[in-house]
Amino acid sequence: MNALTRDPFAKDQMTREDQMTREALTQALTDTPLDGRPEAEGAEAESLARRARRRVSDMLSEVLRQKTLARPIHCTGVGLHSGRKVTLTLAPAPVDSGITFVRTDIAGARTVLPALAGQVADSRLCTVLANPDSGVSVATIEHLMAALAAAGIDNAEVRLNGPEVPALDGSARPFLFLIDCAGTIEQEAPRQAIEVLRPVGVADGPASATLAPAESGLWLDFAIDFDSAAIGRQQFSLALDHGDDAAFRHQLAAARTFGLAEDIPRMRAAGLGLGGSLDNAVVVDGARVLNDGGLRFADEFVRHKMLDAIGDLSLAGAPLIGHYTGTRASHALNTRLVATLLASPDAWRRVPLTRARAAQADSRPAEGTGRAVA
Ligand SMILES: [Zn+2]
């Protein structure tokens, strides 16, 4: 690990050069000229100060900046579960405000819901944020959250005039398209990441989800095992670069949500999937895919589950530096994993997100490492 990938703010690791770097970095970030500050005496101190200033300029060019949307953009669609028509607006938001959802059809401050694991109220089939006092909620946020996370959007306000994010085509691709149309801008604050420091895991019967440390970027491994012959066992691996959405865009964004034909009557009876159709979900009946045109990827199902996991993991509130492994992991398990991580102060720390720590440049799996192993 070199000087740029180490957390420059971790006091226990600080040498004298680190301390001077930190002072110089603080000065640089507050726009105080470096020249003219009192120097320590002696040639050795001067050389340390020179090295510290060089590290500061390296760091400043390396730390990623927070991003938001360049302008508001909106679309209209039907909620997968509610069946209700909803208009979604994505709007720019200030530095350090994160992603927040706002219900514009309900008056009052309690209609603002931060997209954080602590706000998750229900995750049976989709991820629902709710305010526990007012009961105001927003459902099926995960595909939009995955697109925002992959596009590196730190701050955005998501306005909805109904209870659920529109399903659109059941994937994250239309949301990525909206973000592309709006454009993004860098903001005047460094990006922060959450670095996983030790393994954390949750399980529910044969399903499990874990996070473990990684040098940089977010590694993902996902495995599913369905009785349905059309799905079967599938495994997929991907390295996400927090500074580049290419892997998500090409490998995951288009993967659609899916359901089994036999489950549809039960879901509808429970008031779920009311807006579901072959236009916004893959429907499987035994060995058959009922959608005209079939699948977008041979292993579209596991890719979609990984997309879901990225959306759920983004509820940590910052990009994760770590290695996620999901085995048949549901939204409920993923959001429990994030809550478990954040509730364990020794398992993570906040670090400035440098270019070097954003991506697994050296050992990125080649394109298309996912494979169906049915
Ligand atoms: Zn999904």
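**Reading the surroundings of H331**

Leaving aside neighbours within four places in sequence, H331 contacts S123, C126, T127, E142, D308 and D312.

Student: What kind of model is this?

Tutor: This is a predicted model.

Student: What does UniProt list for H331?

Tutor: The unreviewed UniProt entry lists H331 under "active site". The residue is placed in helix α8, which covers residues 331-342.

Student: Is H331 buried or exposed?

Tutor: A residue is called buried if 20 or more other C-beta atoms lie within 10 Å of its own. H331 has 24 C-beta neighbours inside 10 Å, so it counts as buried.

Student: How is a pair of packed helices described?

Tutor: Two packed helices are described by the angle between their axes and the distance between the axes. Here α7 (residues 300-313) packs against α8 at an angle of about 35°, with the axes 9 Å apart. The crossing of α7 and α8 is right-handed.

Student: Which residues make the contact between α7 and α8?

Tutor: From α7 come D308, A309, D312 and L313, and from α8 come H331, N334, T335 and V338. By class, the residues of this contact are 3 nonpolar, 3 polar and 2 charged.

Student: Where does UniProt place the "binding site" feature?

Tutor: The unreviewed entry puts "binding site" at H143, H304 and D308. These positions span 166 residues in sequence, yet no two of their C-alpha atoms are more than 9.2 Å apart, so they gather at one spot.

Student: How do side chains point in a regular strand?

Tutor: In a regular strand the side chains alternate between the two faces of the sheet. Strand β7 (residues 128-130) pairs with β8 over 2 bridges, and L129 has V138 in β8 as its bridge partner.

Student: How many residues lie between β2 and β3 in their hairpin?

Tutor: The hairpin has 6 residues between β2 and β3, and G83 in the turn has a positive phi of about 75°. The two strands run antiparallel and are joined by 6 bridges.

How values were computed
Residues are numbered from 1 along each chain as its sequence is written. This is a predicted model: local features need pLDDT of at least 70, side-chain atom pairs count only at pLDDT 80 or more; totals for chains, interfaces and linings use all residues. UniProt positions are given in the numbering used here, feature names are shortened, and annotations may be inferred rather than shown by experiment. Helices (H or I, at least four residues) and strands (E, at least two) are DSSP runs, numbered from the N terminus. A residue is buried if 20 or more other C-beta atoms lie within 10 Å of its own, exposed if 12 or fewer, and partly exposed in between; C-beta atoms are placed from the backbone. Two residues are in contact if their C-beta atoms, placed from the backbone, lie within 7 Å. Two strands pair if DSSP finds at least two bridges between them. Axes are lines fitted to C-alpha atoms, for helices over the stretch in contact, and angles run from 0 to 180 degrees between N-to-C directions. A crossing is left-handed if the near helix is turned anticlockwise from the far one by less than a right angle, and right-handed if clockwise. Ala, Val, Leu, Ile, Met, Phe, Trp, Tyr, Cys and Pro count as nonpolar, Asp, Glu, Lys and Arg as charged, and the others, Gly among them, as polar.
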